[in-house]
Amino acid sequence: MAKRVGILTGGGDCPGLNAVIRAVVRASDVAGWDCLGVLEGWRGLVDGLFRDLGPVQVSEILQRGGTIIGTSRTNPYKIEGGVEKLLQNARECELDALIAIGGEDTLGVAARLYREHGFPVVGVPKTIDNDLSGTDYTFGFDTAVNTATEAIDRLRSPAESRHRVMVVEVMGRHAGWIALMSGIAGGADLVLIPEQKMTVEAVCEDLRRGHARGRTFSMVVVSEGYELSHESGESQLVGQNAPTTDQFGHVLLGGVGEELGREIERRTGFEARVVVLGFIQRGGTPTPRDRILATRFGLKAAELAHNGVFGQMVALRGDDIAVVSLDEATAELKTVTPEWYAVAQAFFG
Ligand code: F6P
């Protein structure tokens, strides 16, 4: 009987997931392995939701955003008997390996399952946030940065024509990579990220200085995880109210742009407008770079699974595909370094 590898996508959807699925299925087909799609992330393994995947099911998906097998933020460790059900379903489906494609949460579960149960899992790093350690880049990030940069480019003319401060809020959770890169590429006058404290007073002072020097409008890129802080020491992470946290304990961020825009208008007298890019950054077709990275990750993950190399995550190191342990990859978030921030900072004021 042919051996069988499961494929699962967990967490936020992101452009390039389908490219990984296609690569795993095509490589497995050549190697004589069957593929089983686990639907809706870890929930599918807990509840027994599966779909056979072969070359026919994965044709014409390379360029499609989202994931053909669905995703969720289910944490089996937060469901009573969840892990036992998951292990039982994996046994019943006769899975010889599982390829889990996800970010810190999905891969955190994979790392724990491998550590505690010797579960035969290989990880593939995805997230538009690019906040996973162990890999230089995750796929999905390039697409998100492209989308955000294009938005910033487009927003320049309405800002310039009406002499406004345009505040563009981007995603990224607790890492400011999307804001940083789109801010550099889009020529932002200020980039505000969670890793670098900049008070509202300092933001306004910077804008005033720029306008005093002759600038008639400003582009401000703010990451959703930037804490709105004041000289008084008071600071606030702006989130959406309900539900307060997901199964991994994350608050749903979003809304800091509005608050910041209001503060800027009130303190400087400059008219401000706010645009929240939201899910536009996660949707749509992946860039060629993301398709290629996702494809290379998928081929390498399939190779590891077929060779019985588990508890590992595929990664990008320089221009090479590497392998790192899931434990190392999920130990801490990869956040923006001061050196990287300095590139954006050189154009402030
Ligand atoms: O992790 C990817 C991401 O898009 C974050 O940037 C954002 O904070 C979060 O997911 C939104 O999560 P959800 O899709 O569950 O609303």
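Which residues does Thr 67 touch, not counting residues up to four places away in sequence? They are Thr 9, Leu 17, Asn 18 and Ile 21, where contact means heavy atoms within 4.5 Å. Thr 67 lies in the loop between β3 (50–53) and α3 (82–92); helices (H or I, at least four residues) and strands (E, at least two) are DSSP runs numbered from the N terminus. Thr 67 is buried, because its relative accessible area is 17% and buried means under 20%, with exposed over 50% and partly exposed in between (1.4 Å probe, protein chains only).

The model is predicted, so local features need pLDDT of at least 70 and side-chain atom pairs count only at pLDDT 80 or more, while totals for chains, interfaces and linings use all residues. Residues are numbered from 1 along each chain as its sequence is written, and side-chain values use heavy atoms, with hydrogens and water left out.

The chain has 11 helices and 13 strands. Buried residues account for 55% of its 349 residues.

Four of the strands form an open, parallel sheet in the order β7-β8-β6-β11; two strands pair if DSSP finds at least two bridges between them. At the edges stand β7 (190–192) and β11 (272–276), each with a single partner strand, so one side of each has no neighbour in the sheet. Within the sheet, β6 (residues 165–170) and β8 (residues 218–223) pair in the parallel sense over six bridges, and Val 168 stands opposite Val 221 in β8.

Helix α7 (residues 200–212) lies across β6, β7 and β8, running at about 170 degrees to β7. Such angles run from 0 to 180 degrees between N-to-C directions, with axes fitted to C-alpha atoms, for helices over the stretch in contact.
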